[in-house]
Amino acid sequence: MRLNGHFLRNTMEEIKTWARINSPWVLHFNSGSCNGCDIEILAALTPRYDLERFGIKLRGSPRHADVLLCTGGVTLQQADRLRRIYEQMPEPKFVVAIGSCALSGGVFQGCYNICGGIEKVIPVNAYIPGCPPRPEAIIDGVYKLLASLKPAERALEPSSHEYGDRAEVNS
Ligand code: SF4
């Protein structure tokens with residue numbers, strides 16, 4: 001039996017997407033946070049909360065990451081870095097804004113050096129409010145985002161869609 005190239009390519013993409021959703025690798029980036037939210041993310045990754053039981057693993061390079069966990073209002077200094085990191089991630093890719101500052105600028109809103117929330121710079125797929133959100137809320141938000149991406153066709157959509165067209169996860 002001859003398999004055509006298109007079918008093989010699609011099947012390979014579906015397998016890759018299935019693997020990414022079921023065992024996503026995350027990258028953590030502080031775009032201007034006070035570190036409160038970052039400490040909660042680190043707590044979520046420790047054995048006490050054990051994010052790895054969902055197959056979620058922390059990586060150090062954007063080229064290996066499927067999900068970008070962002071904290072803080074975006075400072076003018078970090079805006080370009082955040083954009084560059086996002087562009088270096090392979091498709092399909094997802095962004096989770098964690099904490100009130102990442103959602104809207106929070107307590108730093110209106111400061112001379114703050115652009116605003118993460119979505120001012122890159123598209124955001126899920127929002128986790130709180131100042132800071134607890135590790136349980138972070139785990140719940142990431143898990144709900146991944147659950148909302150199934151079936152696989154949903155996940156194959158490019159993440160550079162319009163800002164209004166995204167999964168909103170509040171926990
Ligand atoms: S949401 Fe609260 S804890 Fe998180 S960066 Fe802003 S001020 Fe800090």
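These legends describe close-up views of a predicted model.

**Figure 1. The protein chain as a whole.** The predicted chain contains six helices and seven strands. Along the sequence, these elements follow the pattern α-β-α-β-β-β-α-β-α-β-β-α-α. Of the 171 residues in the protein chain, 40% are buried. When contacts between residues at least 6 apart in sequence are considered, 82% join residues at least 24 apart.

Figure 2. Five strands form an open sheet in the order 2-1-3-5-7, and their pairing is parallel. Strand 2 (57–58) and strand 7 (126–128) are at the edges with a single partner strand each, so one side of each has no neighbour in the sheet. Strand 7 runs parallel to strand 5, and three bridges join the two. In one of the pairings, Val96 has Ala126 of strand 7 as its bridge partner.

**Figure 3. The two faces of helix 3.** Helix 3 spans residues 76–88, and its buried residues are Gln78, Leu82, Ile85 and Tyr86. Viewed down the helix axis, these buried residues fall within an arc of 95 degrees, so they line one face of helix 3. An α-helix has 3.6 residues a turn, so residues three or four places apart point the same way. On the face turned away from the buried side are the exposed residues Leu76, Asp80, Arg84 and Glu87. The buried residues of helix 3 pack against four strands: strand 1 (25–30), strand 3 (67–71), strand 4 (74–75) and strand 5 (94–98).

**Figure 4. The largest nonpolar core.** This core has 42 residues. Leu68, Cys70, Val95, Val96, Ala97 and Ile98 have the most contacts inside the core. Two or more core residues come from each of strand 1, strand 3, strand 5 and strand 7, and likewise from helix 2, helix 3, helix 4 and helix 5 (135–148).

**Figure 5. The surroundings of Ile98.** Neighbours within four places in sequence are left aside here. Ile98 is in contact with Cys37, Ile41, Leu69, Cys70, Thr71, Ile128, Pro133 and Ile138. Ile98 is also one of the residues with the most contacts inside the largest nonpolar core.

**Figure 6. The shell around the ligand.** The ligand is surrounded by 13 residues, of which Cys34, Gly36, Gly99, Cys101 and Cys131 are the closest. Helix 2 (36–45) and helix 4 (100–104) supply at least two shell residues each. By class, six residues of the shell are nonpolar and seven are polar, while none is charged.

Methods: Residues are numbered from 1 along each chain as its sequence is written. This is a predicted model: local features need pLDDT of at least 70, side-chain atom pairs count only at pLDDT 80 or more; totals for chains, interfaces and linings use all residues. A residue is buried if 20 or more other C-beta atoms lie within 10 Å of its own, exposed if 12 or fewer, and partly exposed in between; C-beta atoms are placed from the backbone. The arc is that of the directions from the helix axis to the C-beta atoms. Two residues are in contact if their C-beta atoms, placed from the backbone, lie within 7 Å. A residue is near a molecule or strand if its C-beta atom, placed from the backbone, lies within 6 Å of it. Ala, Val, Leu, Ile, Met, Phe, Trp, Tyr, Cys and Pro count as nonpolar, Asp, Glu, Lys and Arg as charged, and the others, Gly among them, as polar. Two strands pair if DSSP finds at least two bridges between them. A nonpolar core is a set of buried Ala, Val, Leu, Ile, Met, Phe, Trp, Tyr and Cys residues joined through C-beta atoms within 7 Å.
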